[in-house]
Amino acid sequence: MSETSAREKLVVIGNGMAGIRTVEELLKIAPEKFDITVFGSEPYGNYNRILLSPVLAGEKTIKDIMLNDLQWYADNKITLHTGETVTEIDRKNCIVKTANGKTAKYDRLLLATGSNPFILPVPGRDLPGVISFRDIHDVDLMLAAARSGKHAVVIGGGLLGLEAANGLMKQGMRVTVVHIMDWLMERQMDEVSGAMLKKSLAEKGMQFMLKASTREIMGSQKVEGVKFADGTVLEADIVVMAVGIRPNIDLAKKVGLHCERGIVVNDTLQTFDPKIYAVGECVQHRGQTYGLVAPLFEMAKVCANHLAAYGIGMYRGSVTSTKLKVTGIDLFSAGDFTGDENCEDIVVRDASRGIYKKVVIKDNRIVGSVLYGDTIDGAWYFQLMREQTNVSDIRDKLMFGQAHLGDSGHGGNVVANMSDDTEICGCNGVCKGTIVNAITSKGLFTLEEVRMHTKASSSCGSCTGLVEQILETVLGGDYSAPESKPMCNCTEYTHEQVREFIRTQKLFSIPAVIEKLKWKNKDGCASCRPALNYYLLSTWPVECRDDPQSRFINERAHANIQKDGTYSVIPRMWGGMTTPDELRSIANVADEYGLKTVHVTGGQRIGLYGIKKQDLPVVWKKLNASGLVSGHAYGKALRTVKTCVGKEWCRFGTQDSTGIGIKLEQLTWGSWMPHKFKMAASGCPRNCAEATIKDFGVVCVDSGYELHVGGNRGVKVRATDLLCKVETEAEELEYCAAFIQLYREEARYLDRTAPWIERVGFSYIKQNIVENTKKRQQLAERFRISQQENETQIDPWVIRSTEGRDQEQFLPLKVIA
């Protein structure tokens, strides 16, 4: 039996975005499982329906929006039947049949029949010139009408209707939007923002008739006008029906599948026939139907997983948001933005600037939001809403947005006004135009896809906000961050779920995790292996052993690689203190190896730059001789403890801040963290050591010590939250150890303390560290135990320079050969 004949047969009915996305996901994880046959009613490959509006506006061509051309199907050995509508399904014999008589047998069947436009049942609805707005054929009809006609009436003031109206205006037509409700986009906007939207569009030349009920479409041989219930008549050469869509369930109902508003499916996207799955706009899941792309793609990923017989991943519904794609209009909405008697509204309105923000809160959690004119923080509000974050701690800052974090993309930069050559990702040198082109030409819809194709946001992550803004700008309402992000492409599980499995299942190694959780890639990937290594070590510090090959190159080499391939070495200087002997040792190394750059860092240390990798062990040995040890400047670990000279020298000093800083550093050095961790101790409230922008900071006062947490400088600037005040150094050390351990045990890998605290809420930190004495003591004790395991506080430079461990890391390749 040949390999091809041994494969199962998958038939896909529907060649649209949901069905083909499912096929793409399936090809990623089980490329040899099925012979795939696709039936599509249109004479094209799979194209991006989201971008029909720019085609109508003359900004793009059909070729520009093609996601999968005919060659793609051939390359993937997929049989594609274009222009074929399936009309029959023989469920007993597992055969489908088209209107033209073509047949195909299946072992598994995927229904992706999409939706049909709703046409108002009024006289004249069948006249030539009455057009829906769903596919390329509709766009061609509108473009043809625009060439010969002058007046267009768009019935429907929702998202689709406004996009159609905008496109027809770009083609030179006079457009009137007719809407039966009191304001535009009533499903996404409240009355205030709807009125502001109408005003903005009217200034662009769009005309409106609101609270208008269509009675008749007039004309003899073609459309000539529209008559309304009050007797008003509008002249029209074309009428666009954009009053909504309905799931296309005709075929499913005909063959006896259970349907309500849509084809009813379970959490694996399986219909009541176990051989038949369904995805997309035709589906009804837990009583809901969806018309945006983001939920459809979430369905596709889960469905592909089960078609591949992996049996993991469940679709539990989607929370969606809307961003209008009409050029020049910034608009965002999500959730229940009207609320009820149990909700509170926080509103900011600046009519002269055209800005309106409304956040609806219930039980200290966001349940909905509407933004008009300034939508920068839409993604942030949406994340807070999805994750059900308690916002009581940030309520006073909520309407000012995420700008107080200084996060690129959320701090006031609007990507819509940036030129294509503006650099977005500094780490990888990716400009805006590259990202936009990748989104449109490759059909990208998620942050992970943009990272994969462009590397933007894949390194330090500080440009993530900007990349998300670009996705929102290009895709509009069809971009939505998934409700829960998998840890990586190897698994469907989130970071939190993986950590819970490691803890509850007592998993002590990376292979054990991969096997237990049925990783798609048996070796893992560069994204998940460092995270798994960290989660194992932080959960089981005694039982687990570090896996160096699951660390980044800087952590393996115990030095930072530079752009020219050489390395920097930064020894630890306890609390910013040093000695003449240490300085002489540093100077001698710099002279002996001809190092041109000797740099005083912002963390009160000295860095040596330009060291060749094979010279690192010898350099370390020379530095070790004067008592210098690794500063871990390369690691996801404690970096520095910055201090001022305190009361010993400064006339304003209240406590021995230098001594405090040294004790903090001696307690915590060598500890691995989710990300880099910085501390400081200032001798008085003048705060010369900048303790209030550190992960953990101490500000000395006459009565004791103020303890601050969650600060950050650099790209993401965030002032700390005051955790508490203590009277003794012993208390200060205990609180520090407990805070670090809580962060180590609960933050996601690569989370700094600032976004972690923003996500879990500062109240949660106080409850666990300040208000619960027993838990604080337990956390501090677990931290101290972890510091004694896995050679945590044994200098890695000594181990490698004296004991010769990992010496193969530092040999030139020609020696290894």
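Predicted model: local features only at pLDDT ≥ 70, side-chain atom pairs only at ≥ 80, totals over all residues.

Modeller: Five bridges join β37 to strand β38 (residues 721-726), and the two run antiparallel; strands pair if DSSP finds at least two bridges between them. Helices (H or I, at least four residues) and strands (E, at least two) are DSSP runs, numbered from the N terminus. Residues are numbered from 1 along each chain as its sequence is written, and side-chain values use heavy atoms, with hydrogens and water left out.

With two residues between them, β36 and β37 form a hairpin. Six of the six residues of β37 (residues 704-709) are buried, so this strand is largely enclosed by the rest of the structure; buried means under 20% relative accessible area, exposed over 50%, and partly exposed in between (1.4 Å probe, protein chains only).

These strands belong to an open sheet of five, ordered β34-β35-β36-β37-β38, with mixed pairing. At the edges stand β34 (638-643) and β38, each with a single partner strand, so one side of each is left without a neighbour in the sheet. On average, neighbouring strands of this sheet are turned by 15 degrees against each other, direction ignored. The axes behind such angles are lines fitted to C-alpha atoms, for helices over the stretch in contact, and angles run from 0 to 180 degrees between N-to-C directions. The pairing of β34 with strand β35 (residues 677-682) is parallel and comprises four bridges. Threonine 643 has alanine 681 of β35 as its bridge partner. Helix α23 (residues 762-769) packs on the sheet and touches β37 and β38, and its direction makes about 20 degrees with that of β38; a contact means heavy atoms within 4.5 Å.

The aromatic side chains can be considered next. A pair of aromatic rings is described by the distance of the centres and the angle of the planes. Rings of Phe, Tyr and Trp (its six-membered ring) pair if their centres lie within 6.5 Å; planes under 30 degrees apart count as stacked, over 60 as edge-to-face and the rest as tilted. By this rule the count comes to 17 aromatic pairs. One of them is formed by phenylalanine 297 and phenylalanine 445, which are edge-to-face, at 4.6 Å centre to centre and with 90 degrees between the planes. Phenylalanine 297 lies in helix α9 (residues 293-307) and phenylalanine 445 in the loop between α11 (432-442) and α12 (447-454), so this pair ties together parts that are 148 residues apart in sequence. Both phenylalanine 297 and phenylalanine 445 are buried.

Phenylalanine 696 lies in strand β36 (residues 696-701) and phenylalanine 739 in helix α21 (residues 729-746), so the pair ties together parts that are 43 residues apart in sequence. Phenylalanine 696 counts as buried because its relative accessibility is 0%, and phenylalanine 739 counts as buried at 0% likewise. Phe696 and Phe739 form one aromatic cluster with Phe677, Tyr743 and Trp756.

Charged groups also sit over rings, a term that requires NZ of Lys or CZ of Arg within 6 Å of the ring centre and within 35 degrees of the ring normal. The charged end of arginine 551 sits over the ring of tryptophan 672, 3.8 Å from its centre. Arginine 572 lies over the face of tryptophan 574, at 5.8 Å from the ring centre.

As context for this part, the protein has 26 helices and 38 strands. Buried residues make up 55% of its 817 residues. Along its principal axes, the C-alpha trace of the protein spans about 100 × 75 × 50 Å.
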